[in-house]
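Have the sequence and the 3D view ready.

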Amino acid sequence: MRLATTLALTSALAGSTTAHYVMGRLILDGKWTNTWEYVREVSPKENTSAGLALVSPNIDPTSPDIRCGRNATLGWSKPKVAIVKAGDTIGFGAGEPKLEGTDAPRLYHPGFGSAWLSKYEGEGSLDEYDGSGEWVKILQIVNRTEQSVDFDLPENKPYYDKLKAIWGTFRVDSWNFTIPATTPPDVYFSSYDYALDPTKIFVPPEPQVWTG
Ligand SMILES: *[C@@H]1O[C@H](CO)[C@@H](O)[C@H](O)[C@H]1NC(C)=O
Ligand SMILES: *[C@@H]1O[C@H](CO)[C@@H](O)[C@H](O)[C@H]1NC(C)=O
Ligand SMILES: *[C@@H]1O[C@H](CO)[C@@H](O)[C@H](O)[C@H]1NC(C)=O
Ligand SMILES: *[C@@H]1O[C@H](CO)[C@@H](O)[C@H](O)[C@H]1NC(C)=O
């Protein structure tokens, strides 16, 4: 393995943190991996109906669950570790758990998305990392981009919502992004976050480095 040019990445996610979807699938080499294959599995919310338990939002910004999802502070599900080169494109996709009564897992709340990397300083397996180190933001999705859903297409037209569609992630099922080419080779932990209302709920992991 050429350690100098690779970085390992496991992934957390926190699509689960504040909304009714979990970004449980890593998109690697242009292919969707299985739910929880590379992403730490989250636990159902206690005393909650089956259709809501896994996708129930975390609404406590002070909980460690905000980093990787409910009960995913440690990688007890032992997800695989992806070897990704700096400069490569990866993505996160909504995993199978979906809100009761919806047709498919996708992001539908208004709000911004972001992706983060955190370097694991320990010696053991990435599963032992609780995400308490420094996090660097490598992606922020606010306005619409070329990845946003095209509401001019007949299949999407009925879902157009003037207020929500200004957000780039409205109704997408995934998002792809590039690991910055300048990322030093090391072992990293990656997380995808989603906020319902940035002014009220989202508290980014700290300390933070805003990369734009
Ligand atoms: C991300 O990439 C995957 C794999 O190529 C693709 O299926 C998916 O539609 C892409 N997501 C977006 C929002 O473009
Ligand atoms: C957290 O995950 C562990 C490992 O699967 C499980 O034994 C435990 O019951 C879970 N706790 C909650 C609150 O879901
Ligand atoms: C879930 O319900 C049980 C039985 O009513 C109760 O003892 C427990 O405290 C509840 N857990 C939570 C997190 O509300
Ligand atoms: C996003 O869109 C708003 C409204 O059109 C605009 O004011 C703002 O400059 C845009 N932000 C970026 C980063 O392009």
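## A residue to start with

Find K31, which lies in strand β3. Strands here are DSSP runs of E of at least two residues, numbered from the N terminus. Is K31 buried or exposed? K31 is exposed, because it has 9 other C-beta atoms within 10 Å. The cut-offs are these: 20 or more other C-beta atoms within 10 Å of a residue's own make it buried, 12 or fewer make it exposed, and anything in between is partly exposed, with C-beta atoms placed from the backbone.

Now look for G91: K31 and G91 are 60 residues apart in sequence, and their C-alpha atoms are 9.2 Å apart in space.

## What kind of model this is

This model is predicted, so to speak of local features a pLDDT of at least 70 is needed, side-chain atom pairs count only at pLDDT 80 or more, and totals for chains, interfaces and linings use all residues. Residues are numbered from 1 along each chain as its sequence is written, while chains are lettered from A and ligands numbered from 1 in the order in which they are written.

## An open sheet

Strand β3 belongs to an open sheet of 4 strands, in the order β3-β2-β5-β8, with antiparallel pairing. Two strands count as paired if DSSP finds at least two bridges between them.

One of the residues to look for is G93, whose bridge partner in β8 is S174.

## A covered strand and the core

Next, visit strand β6 (residues 113-119), where 6 of the 7 residues are buried. Its antiparallel pairing with β7 (residues 135-141) runs over 6 bridges, and G113 has I141 as its bridge partner in β7.

The largest nonpolar core has 31 residues, and Y21, V22, M23 and L26 have the most contacts inside it. Such a core is a set of buried Ala, Val, Leu, Ile, Met, Phe, Trp, Tyr and Cys residues joined through C-beta atoms within 7 Å. Among the strands that each supply at least two residues of this core are β6, β7 and β9 (187-194).

## How confident is the prediction?

The predictor's confidence in each residue is its pLDDT, from 0 to 100. The protein averages 80, and 82% of the residues score at least 70. Confidence is highest in β3, at a mean of 96, and lowest in β10 (residues 208-209), at 32. Where pLDDT is low, the predicted coordinates should not be read in detail.
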